[in-house]
Amino acid sequence: MDKMIIDRGAIYEEWQNKMVEGQGGELEKFCSEQTIKKLEQICDKNFYYYVQYQNHLEDKLKKKENKNYATLKTQRSKILNFLISNELGNRPLEMITQKTLNKYFEKIYGSGIEGDTFATEVRYVKRFLKYLNEEGYILNNYDFPELKNLNSKTEKNLMKPLTPEQVSIFYDSYKDSPEYLYVFDMKYYTDFKDVDIKNLSMDNIDIDNSRITVNNTSINVPKKVIAHILELDKKKKLGKLSSVSAYFAKLKPLFQKMGFDNIKPKDIFKETRDKLSFRCPQCGKTYEAIVDNWCVVQYTENGKLWIVCRDCGRKYENEA
Ligand SMILES: [Zn+2]
């Protein structure tokens with residue numbers, strides 16, 4: 001085995017000062033105070049193993065195009081929970097038995113956790129121990145719980161898209177808060193990253209064509225979206241939002257009122273957009289299912305009445 005060189009203080013300091021890309025592309029701390037407190041509880045050997053594995057995960061991440069640390073952080077927290085568990089009792093990992101591991105997973109599953117979350121717990125601990133085994137730190141090869149036939153997500157946690165009525169309630173509730181309308185619009189109508197939503201400036205806006213361009217991606221948006229942006233700019237708040245996720249945190253009460261108890265608001269926008277849009281049968285483009293975007297045409301005398309997008313409707317009128 002490698003010589004164990006541990007300077008916990010130096011590692012803590014490095015990790016606490018490091019900023020990395022989190023979910024949605026916004027910069028956040030690589031390691032929180034809370035994580036350090038947990039790390040303080042584990043023995044030197046396990047700490048060493050843990051650091052090796054973190055470095056390994058980070059090296060892998062650096063080779064990826066998407067350098068989002070969210071998954072790495074989740075893995076870290078699952079592994080830490082395992083390392084500080086009573087079942088492990090802070091024994092060095094090379095000493096744990098199959099029985100210990102079984103007890104740990106039985107306890108978690110017994111706590112009524114959802115199947116999917118349990119599967120994630122198992123997978124992350126499994127990969128960690130497998131890595132240590134492959135690198136020669138621990139010799140045991142363990143069996144892990146079967147992940148088939150676990151209870152699946154409960155209904156309340158499924159990502160239910162908003163209904164048209166709920167979207168209207170949203171706009172109504174925040175009609176005097178352009179920041180909220182802005183964040184909602186951008187999540188609902190575009191796929192821009194949180195960091196781009198946060199940093200948007202008037203340079204990204206083509207008012208005449210109702211278009212937003214970020215990093216060579218252009219998206220046409222309804223005129224009201226541009227109006228909300230202009231209002232935000234007038235209040236000198238465009239590009240000055242604290243963070244997009246902070247707004248989602250504040251949206252929670254409204255979403256709870258709408259009956260979404262355990263949902264992370266930021267997850268339901270794309271679902272909502274997909275559900276509240278149609279594809280034009282003529283050109284195949286997708287538009288929100290509001291009257292402004294659609295019209296009715298009859299291509300042949302006494303033929304069917306079709307619903308097509310405004311663009312296709314205009315083209316038909318010009319040709320007719
Ligand atoms: Zn069309």
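In this predicted model, E121 is in contact with K78 and I108, its neighbours within four places in sequence being left aside. The chain is divided into three parts: domain 1 (8-153), domain 2 (164-275) and domain 3 (277-319). Taken over C-alpha atoms, the centres of domain 1 and domain 3 are separated by 53 Å.

**Surroundings of E121**

- E121 belongs to helix α6, which covers residues 115-134.
- E121 counts as buried because 20 C-beta neighbours lie inside 10 Å, and 20 or more is the condition for that class.
- I108 stands 13 residues from E121 along the chain, and the C-alpha atoms of the two are 8.8 Å apart.

**Packing of α8 against α10**

- Helix α8 (residues 178-189) and helix α10 (residues 223-234) have axes that come within 9 Å and cross at roughly 140°.
- The crossing in which α8 passes α10 is left-handed.
- On the α8 side, the contact is made by P178, E179, L181, Y182, D185 and Y189; on the α10 side, V225, H228, I229, E231 and L232 take part.
- Sorted by class, this contact of α8 with α10 comprises 7 nonpolar, 1 polar and 3 charged residues.

**Nonpolar cores**

- The largest nonpolar core contains 19 residues. Within this core, Y182, V183, M186, I197, I229, V244 and Y247 have the most contacts.
- Two or more residues of this core come from each of α8, α10 and α11 (244-257).
- The contribution of α8, at 5 residues, is the most given by an element to this core.
- Y247 touches E179, Y180, V183 and L241, when residues up to four places away in sequence are not counted.

- Most residues other than glycine have a negative phi.
- N90, a residue other than glycine, has a positive phi near 60°. The loop between α4 (70-83) and α5 (98-110) holds N90.
- N90 counts as partly exposed because it has 13 C-beta neighbours inside 10 Å, a count that falls between the limits of 12 or fewer for exposed and 20 or more for buried.
- N216 is likewise not a glycine, and its phi is positive at about 70°. N216 is placed in the loop between β4 (211-214) and β5 (217-220).
- With 5 other C-beta atoms within 10 Å, N216 is exposed.

Terms used:
Residues numbered from 1 in each chain as written. Predicted model: local features only at pLDDT ≥ 70, side-chain atom pairs only at ≥ 80, totals over all residues. Axes fitted to C-alpha atoms, helices over the stretch in contact; angles between N-to-C directions. Helix = DSSP H or I, 4+ residues; strand = E, 2+ residues; numbered from the N terminus. Left-handed = near helix turned anticlockwise from the far one by under 90°. Contact = placed C-beta atoms within 7 Å. Nonpolar A, V, L, I, M, F, W, Y, C, P; charged D, E, K, R; others polar. Domains from an automatic or database assignment. Core = buried A, V, L, I, M, F, W, Y, C linked by C-beta atoms within 7 Å.
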